Amino acid sequence: MEQVRRVGAYGVLRDPDGRVLLVRGSARADFPGVWSLPGGGLEHAEHPARAVLREVAEETGLAVEVTGLRAVVADVTLHPDLGVALHTDRVLFDVTAVGGTLRGEPDGTTDLARWLSPDEAAGLPLLPFTAEALGLPVVPLPSGALRRREPFAAPDAARRQRFGAYGLVSDPAGRVLLALIADGYPGAGQWHLPGGGTDHGEQPVTALLRELVEESGQLGRVTELIGVDNLHNPAALGPEGYPIDWHGIRVVYRVLVDRPTEPAVTELAGGSTARAAWFTPAELRELPLTEIAAEAVATGG
């Protein structure tokens, strides 16, 4: 079965009465008649925080602003008629309305937008990620709810989109763990946050803890979701040997290693990590850091 991936951004919007805004899938949707949080797929090079503003406006008519990052989850939907397993990484934001008038989406993949109480929402067919985000029971959808018939677009060979999970990793002494980018990879010679791309079907937290072992041999525990970062390089030159229009979406977590050891790279030869090391706060100031590492250290340390 072909493995396809996409990234989506969604908004959790409540009114003063505690009702949540949901949208219903139209006849053009993969799940017609099924309700979800407003949102949808990222455009190439688009930051998830910008995508959620655009998608909510398109689907509901409301202008919103982001007030926080709520969660990042992943799920896989099987499309047996198309021979596709679709992995969707979903970035969920808390948003608040700042203008506009509520309406349905004209000619789109949703056809109705409604404010619903928790009890009302619980009585509707909900996409699993939506039910989970609202703290409602995840109820299997009715047989035949998935009705997509259009094939998925073929990937653009000149473009790549990659979803990754990274960690601001520290130990009880306050040291920070960083990974040195190997030669032949974008950013070679700079110190980077441990982490990397998620595999098909893999949750971001699981991917981060796996990468932490591969890149440094450390066992960590995720304690907090810090933020989401967007990287667009229209001519990234990596091990492929030719430039690629590269779009990376990177979520960052705070990670604690309770029992630190001497870092050792355990991933297979040819990986992007040359070595890993622990650094004191004073030592960090003397290092060449990637942009995401510098920002995480400055704002999350």
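Buried residues, meaning those under 20% relative accessible area with a 1.4 Å probe and protein chains only, make up 45% of the 301 residues in the protein chain. Before I go on: this is a predicted model, where local features need pLDDT of at least 70, side-chain atom pairs count only at pLDDT 80 or more, and totals for chains, interfaces and linings use all residues. Residues are numbered from 1 along each chain as its sequence is written, and side-chain values use heavy atoms, with hydrogens and water left out.

Now the overall picture. The protein chain has 6 helices and 14 strands; these are DSSP runs numbered from the N terminus, with helices (H or I) of at least four residues and strands (E) of at least two. Its C-alpha atoms fill a box of roughly 55 × 40 × 35 Å along the principal axes. If we count contacts as heavy atoms within 4.5 Å, residues 24 or more positions apart account for 73% of those with a separation of 6 or more.

Let's zoom in on Asp89, which sits in strand E6, residues 84-100. Is Asp89 buried or exposed? Asp89 counts as buried, because its relative accessibility is 1%. Setting aside neighbours within four places in sequence, Asp89 has contacts with Arg5, Arg6, Val7, Gly8, Val73, Ala74, Phe163 and Thr198.

Next, please look at helix H1, residues 48-60. H1 has 13 residues and reaches 18 Å from its first C-alpha to its last, close to the 18 Å expected at 1.5 Å a residue; that expected span is 1.5 Å times one less than the number of residues. Which residues of H1 are buried? They are Pro48, Ala51, Val52, Arg54, Glu55, Val56, Glu59 and Thr60. As a reminder, an α-helix has 3.6 residues a turn, so residues three or four places apart point the same way. Just after H1 comes Gly61, with a positive phi of about 80°.

Ala45, in the loop between strand E4 (39-41) and H1, has a phi near 75°, a positive value in a residue other than glycine.

Asp107 has a positive phi of about 60° although it is not a glycine. Is Asp107 buried or exposed? Asp107 is exposed, which means over 50%, with a relative accessible area of 72%.
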